Amino acid sequence: MPKTFITRRTVLAATGAVLVSATSGLITPAQAQTWVPTKTMRGGANNYIPGAQVVERIGGGGFIMSGTVRRAGDGAPLAGQRIQVWAHTTEGYESDPESHGATLTDENGVYRLDMPQIVPAFGQAHAHLAYDDDAFETVFLRPLLSSPSDTTLSADFVLQPA
Amino acid sequence: MRRAALPGWLVWGGLAFAIAVPLIAALFSPQLAWRGPVYTVAGFSGVVGLALLLIQPLLAGGFLPGLSVARARVLHRISGAALVLCVVLHVAGLWITSPPDVIDALLFVSPTPFAAWGVVAMWAIFASALIVVLRRRLAVPVHIWRRAHSVLAVTIVVGSVVHAALILGTMEPWSKYLLSALVVIATGKVIYDRRAWVRRIR
């Protein structure tokens, strides 16, 4: 007598198992986590000077600006993207060309730029960042330091293909 | 004519203390090391402006001993003109330092929460000055003038105090809060004493 593998019982059991795991979140569709593009912040582009050069560090350094750059939708890390940074620091105003610099993301989509200590300007200790190359849509950020004595700040980009 | 309940030296000494402490504390701000002269003057115009906001209600209310009503009124006008000058220097200095930040503030699209409060106070100060200048020419009735001046004074004080409180600037926080509290109390007292909203029967 041939053995029947698919019986009404196994079908019911399997269907039930799928339903339970689907509703309980055990099965995750591949695209479930969609990365929403980062929006430009108010005032983010203030004192922007286009075309900041990629530098080892800005001025004497001592403050670490870092973050990740990902592609909108799948969140894939983006390597080799140029992030421009400027701020009011112990070495100059936001509008001073030497306060501006850029760095490239590594293979993990991580950027890190050594720059002078950020000091409060116009009532808030903050940095400015820009992505404005051609492959993705332009984004300007203006993150705040939680305390003016902080020596690091992070800001992440999720970029929309242009 | 009201009689001051406190001895004169105490009132004047207290006023000098309340203004000198925040000013001197701001002069020792580490932030000044990273600011040029224009930005520094812009910042201190704001500090002096806040100090004038304490002097104004004290003059208006006749709380400063040794001053006649007429003398206090003249000083109130001079102090008001100085306040206008402070605001102009403050905004102009900030504009020179960073034009886009000031444009954002004036257009009420600044990312900083305190900018709009300051801009509202600025317009209220300008409006006060304009009414003072045009009052006689336009023959503004006294009760309308009093109400307008009271509403503007409250707007100026609330706007300026919130503006100052939220800013991470050269002012040392506690002396800033103390000065702000005195400004609010003094203004509130005069506004309440005057009761410009009550139409007096003549």
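This is a predicted model: local features need pLDDT of at least 70, side-chain atom pairs count only at pLDDT 80 or more; totals for chains, interfaces and linings use all residues.
**Entry: the loop with A:Asn47**

I started in chain A, where A:Asn47 sits in the loop between helix 1 (8-24) and strand 1 (63-71). Residues are numbered from 1 along each chain as its sequence is written, with chains lettered from A and ligands numbered from 1 in the order in which they are written.

I looked up phi for A:Asn47 and got a positive value of about 65°, although the residue is not a glycine. Most residues other than glycine have a negative phi. Is A:Asn47 buried or exposed? A:Asn47 counts as buried because there are 20 C-beta neighbours inside 10 Å. My cut-offs: buried means 20 or more other C-beta atoms within 10 Å of the residue's own, exposed means 12 or fewer, and partly exposed is in between, with C-beta atoms placed from the backbone.

**Entry: B:Phe108**

I then went to B:Phe108, in the loop between helix 4 and helix 5 of chain B. B:Phe108 also isn't a glycine, and its phi is positive, about 60°. B:Phe108 counts as exposed because 10 other C-beta atoms lie within 10 Å.

**Entry: B:Ala105**

Next I checked B:Ala105, which belongs to helix 4 of chain B. With 24 C-beta neighbours inside 10 Å, B:Ala105 is buried. Leaving out residues up to four places away in sequence, I found B:Ala105 touching B:Ser110, B:Ala115 and B:Val119; a contact here means C-beta atoms, placed from the backbone, within 7 Å. I also took the C-alpha separation of B:Ala105 and B:Gly118: it is 8.6 Å, for 13 residues along the chain.

**Entry: helices 3 and 5 of chain B**

I checked the span of helix 5 of chain B: its 20 residues reach 29 Å from first C-alpha to last, close to the 28 Å expected at 1.5 Å a residue. The expected span is 1.5 Å times one less than the number of residues. Helix 3 of chain B, with 29 residues, reaches 41 Å, close to the expected 42 Å.

Which residues of helix 5 of chain B are buried? I listed B:Ala115, B:Trp117, B:Gly118, B:Ala121, B:Met122, B:Ala124, B:Ile125 and B:Ser128. They pack against helix 3, helix 4 and helix 6 of chain B. The buried residues of helix 3 of chain B include B:Leu83, B:Cys86 and B:His90, and the buried set of helix 3 packs against helix 2, helix 4 (99-106) and helix 5 (115-134) of chain B.

**Entry: helix pairs in chain B**

Two packed helices are described by the angle between their axes and the distance between the axes. I used axes fitted to C-alpha atoms, for helices over the stretch in contact, with angles from 0 to 180 degrees between N-to-C directions.

Helix 2 (residues 37-60) and helix 3 (residues 69-97) of chain B pack at about 160°, axes 8 Å apart. That makes helix 2 of chain B roughly antiparallel to helix 3 of chain B (under 35 degrees is roughly parallel, over 145 roughly antiparallel, 65 to 115 roughly perpendicular, the rest oblique). Their contact residues divide into 18 nonpolar, 10 polar and no charged (Ala, Val, Leu, Ile, Met, Phe, Trp, Tyr, Cys and Pro count as nonpolar, Asp, Glu, Lys and Arg as charged, the others, Gly among them, as polar).

Helix 6 (residues 142-166) and helix 7 (residues 173-194) of chain B pack at about 165°, axes 10 Å apart. That makes helix 6 of chain B roughly antiparallel to helix 7 of chain B. I counted 10 nonpolar, 3 polar and 3 charged residues in the contact of helix 6 with helix 7.

**Entry: B:Trp145**

B:Trp145 is in helix 6 of chain B. I have B:Trp145 as partly exposed, with 15 other C-beta atoms within 10 Å. B:Trp145 touches B:Arg135 and B:Val140, not counting residues up to four places away in sequence.

**Entry: between the chains**

Last, I counted 14 residues of chain B in contact with 16 residues of chain A. The chain B side has 7 nonpolar, 5 polar and 2 charged residues.

Technical notes: Two residues are in contact if their C-beta atoms, placed from the backbone, lie within 7 Å. Helices (H or I, at least four residues) and strands (E, at least two) are DSSP runs, numbered from the N terminus.
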